[in-house]
Amino acid sequence: MAKGGGGRRTSEETRERLLAAATATLREEGYSGASARAIATRAEANSALVFYHFGGVDQLLLAALDRSSTERLAMYRELTAKARTFEQLVEAATEIYRTDLERGYMAEFTELVAAAVSKPELRPEIRDRAEPWIAFIEGEWNRVLGGSALGRMLPAREVAYGAITFYLGVNLFSVLDEDHSRTEAVFELAQVLSPRAKLITLRLPAWGRRDDAVGWPTDDEEEDA
């Protein structure tokens with residue numbers, strides 16, 4: 001344990017070491033291997049400090065996830081802010097996937113989701129932590145494609161749900177797709193198709209977004225069709 005600088009500084013450093021150790025343990029050993037002892041050993045701290053500082057292992061793992069999530073959101077908001085077209089949005093999504101996979105962010109999140117299957121008390125915690133990401137995806141979809149035909153066909157909220165579902169599925173599928181070639185093929189297909197979707201991703205003028213405008217069937221007409 002670090003010495004000097006006062007007790008408060010030592011306490012903060014201990015918390016930081018435990019958070020870093022929890023993150024590494026969850027990514028490398030999975031939820032089943034993330035015991036208080038394993039985390040504390042990696043942090044070179046007493047396992048009792050896990051409970052002293054965080055109240056328990058799950059609370060520590062959730063705090064570690066919060067820290068990673070904050071880091072990721074800041075990084076990815078900057079990345080997607082550059083996107084102006086559907087094609088660029090697909091490129092950004094591909095980069096997010098590859099970064100999350102390479103740095104272990106994906107494993108960290110999905111391990112806790114998997115743990116929530118058998119631990120119902122974790123479910124609201126994970127659900128609440130997924131909401132900022134759903135809002136992020138929804139916001140970027142609307143920013144880039146709002147007012148386009150594609151944006152009208154695929155509502156942003158549902159797109160966000162689909163993206164999160166795909167994200168979780170990719171991590172599970174990685175057990176079978178060890179070299180990630182099959183998952184990469186999905187992103188490669190999206191990159192091939194996205195330039196060909198320009199017509200339905202163009203923003204329409206305000207008058208063109210009305211249901212009674214030329215080229216847009218009304219809801220009743222769509223049902224009749």
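Leaving aside neighbours within four places in sequence, L61 touches A22, L26, Y31, A34, I39 and L112, where a contact means heavy atoms within 4.5 Å. The model is a predicted one, in which local features need pLDDT of at least 70 and side-chain atom pairs count only at pLDDT 80 or more, while totals for chains, interfaces and linings use all residues. Residues are numbered from 1 along each chain as its sequence is written, and side-chain values use heavy atoms, with hydrogens and water left out.

Together with L18, Y31, I39, L60 and L112, L61 is among the residues with the most contacts inside the largest nonpolar core, which has 32 residues. A nonpolar core is a set of buried Ala, Val, Leu, Ile, Met, Phe, Trp, Tyr and Cys residues joined through side-chain atoms within 4.5 Å. Buried stands for under 20% relative accessible area, exposed for over 50%, and partly exposed for values in between (1.4 Å probe, protein chains only). Two or more residues of this core come from each of α1 (7–29), α2 (36–43), α3 (48–54), α4, α6, α7 and α9 (156–173). The element that gives the most is α4, with six residues. Apart from this core lies another, of 11 residues, including L79, W133, F136 and I164.

The overall fold can be described next. The secondary structure comes to 12 helices and zero strands; helices (H or I, at least four residues) and strands (E, at least two) are DSSP runs, numbered from the N terminus. Buried residues make up 40% of the 225 residues in the protein. Of the contacts with a separation of 6 or more, 65% are accounted for by residues 24 or more positions apart.

Helix α7 deserves a paragraph of its own. Its 23 residues should span 33 Å at 1.5 Å a residue, and its end C-alpha atoms are 32 Å apart, which agrees. The expected span of a helix is 1.5 Å times one less than its number of residues. A kink of about 25° lies at A130, shortly before the proline P132; the bend at a residue is the angle between axes fitted to the seven residues ending there and the seven starting there. The buried residues of α7 are I126, R129, A130, W133, I134, F136, E140, W141, V144 and L145. An α-helix has 3.6 residues a turn, so residues three or four places apart point the same way. The buried residues of α7 pack against α4, α5, α6, α8 (149–153), α9 and α11 (198–201). Leaving aside its neighbours within four places in sequence, E140 is in contact with T80, A81 and L89. Just after α7, G147 takes a positive phi of about 90°.

A search of the whole structure finds 11 salt bridges, each being a side-chain nitrogen of Lys or Arg within 4 Å of a carboxyl oxygen of Asp or Glu. In one of them, the side chains of K119 and D58 meet at 2.7 Å, N to O. K119 lies in the loop between α6 (105–118) and α7 (123–145) and D58 in helix α4 (residues 57–80), so this pair ties together parts that are 61 residues apart in sequence. K119 is partly exposed, at 23% relative accessible area, whereas D58 is buried, at 15%.

R129 and D66 form another salt bridge, again with 2.7 Å from N to O. This pair links distant parts of the chain, with R129 in helix α7 and D66 in helix α4, 63 residues apart. D66 is partly exposed, with a relative accessible area of 30%.

A further salt bridge joins R98 and E184, whose closest N and O atoms are 2.7 Å apart. R98 sits in helix α5 (residues 86–103) and E184 in helix α10 (residues 181–193), 86 residues apart. R98 counts as partly exposed at 37% relative accessibility, while E184 is buried at 17%. Salt bridges that share partners also join D66, E125 and R129 into one network.

Finally, the confidence of the prediction can be considered. The mean pLDDT of the protein is 86, and 86% of its residues reach 70 or more; pLDDT is the predictor's confidence in each residue, from 0 to 100. Over residues 1–9 the pLDDT is below 50, and this stretch has nine contacts in the model beyond near neighbours in sequence. The pLDDT also stays under 50 over residues 207–219, for which the model has 19 contacts beyond four places in sequence.
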